[in-house]
Amino acid sequence: MAFATSALVRSLSTSASRQAAIKHVTVIGGGLMGTGITQVAAQSGHNVTMCDVSDDIVQKGLARIQDSLKRVVKKKYKDDPTAGQKFFDSTMENIRIDTNVERVAASTDLVIEAIIENLDIKQKLFSSLDKVAPQHTIFASNTSSLPIKDIASTCERQDRFGGLHFFNPVPVMKLVEVVRFGATSNETFQSLTDFGQAVGKTTVSCKDTPGFIVNRLLVPYMMEAVRMLERGEASARDIDTAMKLGAGYPMGPFELCDYVGLDTTKFIVQGWHELDPDQPLFKPSELVNKLVAEGKLGMKSGEGFYSYKK
Ligand SMILES: CCCCCCCCCCCCCC(=O)CC(=O)SCCNC(=O)CCNC(=O)[C@H](O)C(C)(C)COP(=O)(O)OP(=O)(O)OC[C@H]1O[C@@H](n2cnc3c(N)ncnc32)[C@H](O)[C@@H]1OP(=O)(O)O
Ligand SMILES: NC(=O)C1=CN([C@@H]2O[C@H](COP(=O)(O)OP(=O)(O)OC[C@H]3O[C@@H](n4cnc5c(N)ncnc54)[C@H](O)[C@@H]3O)[C@@H](O)[C@H]2O)C=CC1
């Protein structure tokens with residue numbers, strides 16, 4: 001008993017010097033990223049409530065998490081099915097779903113937003129949550145491309161706001177970019193970094209600049225790939241094959257675009273084009289815009305650059 005007490009005292013004194021440890025997490029957005037973030041937070045012992053605009057979407061999101069967890073169990077616990085079932089059950093017990101974000105945010109330690117890549121919608125969401133969330137609650141966006149400063153601009157809690165940029169698929173990709181802007185406090189930055197590590201990721205940090213680190217380098221590469229296709233210089237399949245076999249990438253640019261979602265990629269390029277209309281790199285792709293207009297959003301809709309229909 002004595003040992004446990006002193007360990008508890010030590011852990012409390014450590015965390016007391018920082019904002020209270022994050023126990024309850026609210027993930028807003030039950031799509032590709034929100035489900036993955038919910039999963040890794042729940043897997044690491046956090047209580048998580050995943051919210052979206054309809055019960056149908058959050059139910060589908062929960063099913064996606066269960067499927068993903070089964071893949072993790074199959075791989076990690078192949079020699080111990082009993083432990084695997086325990087891991088699955090304990091993770092699922094940590095997850096709640098809801099559609100009333102204001103009610104959920106009223107008792108949470110961290111809000112992670114993973115909704116549509118649209119500045120106005122993100123700003124409206126955070127502005128409403130800022131009025132109901134407890135004073136200590138930290139806000140974070142998983143945005144791919146929007147300035148954290150701009151997303152935070154509708155909130156009072158500028159010091160308790162940062163970026164937590166996860167990578168797709170979240171259960172597999174080992175990186176989280178922790179992003180701070182001018183107003184982000186040191187305590188908030190440290191809490192976000194601690195959380196990223198607590199969910200099993202390697203964290204890197206960067207300034208609130210377009211695309212942070214990875215996307216700042218990835219978007220130009222992928223945009224040049226689609227220009228190459230539009231110029232008729234090579235097929236999508238050959239460009240993908242070339243980058244996998246020639247550069248060792250796990251996916252080629254068109255496979256990756258289908259994986260990320262053509263809607264999200266369109267929003268990203270559109271946003272950067274508006275910020276810097278003279279930058280030819282960010283000139284929107286007519287081909288991508290045509291595919292999105294036709295509802296071909298990639299794997300999420302069954303067809304993008306490639307067809308995924310069974
Ligand atoms: C070209 C058009 C230009 C358009 C404009 C450009 C705009 C630019 C957009 C920028 C992107 C913005 C997105 C963003 O903000 C940041 C990102 O996330 S970038 C994307 C980062 N991710 C990647 O690059 C992924 C690369 N791919 C891979 O790593 C692998 O292909 C992948 C892991 C996805 C699949 O692995 P693979 O070996 O190929 O096949 P498997 O499917 O068998 O998986 C192997 C193994 O991995 C585990 N696993 C896979 N998926 C999951 C999952 N969802 N959940 C849990 N576990 C998973 C699993 O154990 C698998 O083994 P099984 O036996 O199959 O279970
Ligand atoms: N797709 C990817 O590979 C990556 C995407 N991101 C970023 O994560 C965010 C989400 O992207 P995805 O998960 O791919 O999108 P998605 O389209 O799969 O999911 C977005 C979800 O947000 C919900 N939503 C929209 N408005 C909402 C609101 N007001 N309140 C609650 N829910 C709302 C939608 O119903 C949808 O379920 C975007 O900001 C994106 O840039 C970041 C890293 C990788």
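The shell around ligand 1 takes at least three residues from each of domain 1 (18-207) and domain 2 (214-301), with domain bounds coming from an automatic or database domain assignment. The model is a predicted one, so to speak of local features a pLDDT of at least 70 is needed, side-chain atom pairs count only at pLDDT 80 or more, and totals for chains, interfaces and linings use all residues. Residues are numbered from 1 along each chain as its sequence is written, chains are lettered from A and ligands numbered from 1 in the order in which they are written, and side-chain values use heavy atoms, with hydrogens and water left out.

There are 30 residues around ligand 1, and Ser-68, Arg-71, Ser-144, His-165 and Asn-168 come nearest (a residue is near if one of its heavy atoms lies within 4 Å). By class, the shell has 21 nonpolar, 6 polar and 3 charged residues; here Ala, Val, Leu, Ile, Met, Phe, Trp, Tyr, Cys and Pro count as nonpolar, Asp, Glu, Lys and Arg as charged, and the others, Gly among them, as polar. As for polar contacts (pairs of N or O atoms within 3.5 Å), a polar side-chain atom of Ser-68 sits 2.6 Å from a nitrogen atom of ligand 1. Asn-215 has a polar side-chain atom 2.9 Å from an oxygen atom of ligand 1. On its own, ligand 1 exposes 1,300 Å², and the protein buries 77% of that (areas by the Shrake-Rupley method with a 1.4 Å probe).

Next comes ligand 2. Of the 23 residues around it, Met-33, Asp-52, Glu-117, Lys-122 and Ser-144 come nearest. Both domain 1 (18-207) and domain 2 (214-301) give residues to the shell around ligand 2, so it lies between them. An N or O atom in the side chain of Glu-117 is 2.6 Å from an oxygen atom of ligand 2, while for Asn-168 a polar side-chain atom lies 3.0 Å from an oxygen atom of this ligand. Taken alone, ligand 2 exposes 830 Å², of which the protein buries 84%. Its shell splits into 11 nonpolar, 8 polar and 4 charged residues.

Terms used: Polar contact = N/O pair within 3.5 Å; in protein donor to acceptor, adjacent residues only side chain to side chain.
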